[in-house]
Amino acid sequence: MGKSFDVTLDECESRVFSVRKSTGKVQLLSTSRHITQGCAEIKSLKQSENQISISAELVGGDDYKFYVYIPQGFNLKENGKVKAEKISGEVYCFTYKADESKVYDFTIDFTEK
């Protein structure tokens, strides 16, 4: 990837971009609950060789999205709790609609090829 990119914005539109150093492994990039993408709603985040576990305080009725980098050499395992959508290249968006305001637990499983 280059050191710059072009972005087209509509009138009165704003965007927040998050830059993370690649670890070469599966990693959480950002979430939709906080404007700074600083993951302020996350109460706990754990990562092992084949799993990312997140506990996040969500707002009832809102869609919660978290973005995960899954590099070549790793396979995502299906998870019925959250819907995964490939956004671009090796970035996936996981979406969950919270029924009520509370802390939710999510687990993303993956394997190395």
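The following paragraphs walk through a predicted model of one protein chain, from its overall build to a few single residues.

Because the model is predicted, local features need a pLDDT of at least 70 and side-chain atom pairs count only at pLDDT 80 or more, while totals for chains, interfaces and linings use all residues. Residues are numbered from 1 along each chain as its sequence is written, and side-chain values use heavy atoms, with hydrogens and water left out.

The pLDDT is the predictor's confidence in each residue, on a scale from 0 to 100. Its average over the chain is 84, and 90% of the residues score at least 70.

Next comes the overall build. The chain contains eight strands and zero helices; here helices (H or I, at least four residues) and strands (E, at least two) are DSSP runs, numbered from the N terminus. Read from the N terminus on, the order of elements is therefore β-β-β-β-β-β-β-β. Along the principal axes, the C-alpha atoms fill a box of roughly 35 × 35 × 20 Å. The radius of gyration of the chain is 15 Å, which agrees with the value near 13 Å that a compact globule of 113 residues would have. This radius is taken over C-alpha atoms, and the globule rule is 2.2 Å times the number of residues to the power 0.38.

Contact means heavy atoms within 4.5 Å. Among contacts between residues at least 6 apart in sequence, 63% join residues at least 24 apart. The accessible surface of the chain comes to about 7900 Å², with 46% of it belonging to carbon and sulfur atoms; such areas come from the Shrake-Rupley method with a 1.4 Å probe, and for residues only the protein chains shown count as cover. Of the 113 residues, 28% count as buried. Buried means under 20% relative accessible area, exposed means over 50%, and partly exposed lies in between (1.4 Å probe, protein chains only).

Cys-12 lies in the segment before β1 (27–31). With a relative accessibility of 82%, Cys-12 counts as exposed. Cys-12 also has a positive phi of about 65°, although it is not a glycine.

Pro-71 sits in the loop between β4 (63–69) and β5 (74–76). Its relative accessible area is 5%, so Pro-71 is buried. Not counting residues up to four places away in sequence, Pro-71 touches Gly-24, Lys-25, Val-26 and Glu-90. Tyr-104, by contrast, is 33 residues away from Pro-71 in sequence and 26 Å away in space, C-alpha to C-alpha.

In the loop between β7 (91–97) and β8 (102–112) lies Glu-100, which counts as partly exposed at 45% relative accessibility. Leaving aside neighbours within four places in sequence, Glu-100 is in contact with Leu-58, Val-59 and Gly-60. Between Glu-100 and Ala-40 there are 60 residues of sequence separation and 18 Å in space, C-alpha to C-alpha. One of the partners of Glu-100 is Val-59, found in the loop between β3 and β4. At 33% relative accessibility, Val-59 counts as partly exposed.

Finally, strand β6 (residues 83–88) holds Glu-85. This glutamate is partly exposed, with a relative accessible area of 43%. Beyond residues up to four places away in sequence, Glu-85 touches Val-91, Tyr-92 and Cys-93. Glu-85 and Tyr-67 are 18 residues apart along the chain, and their C-alpha atoms are separated by 9.6 Å.
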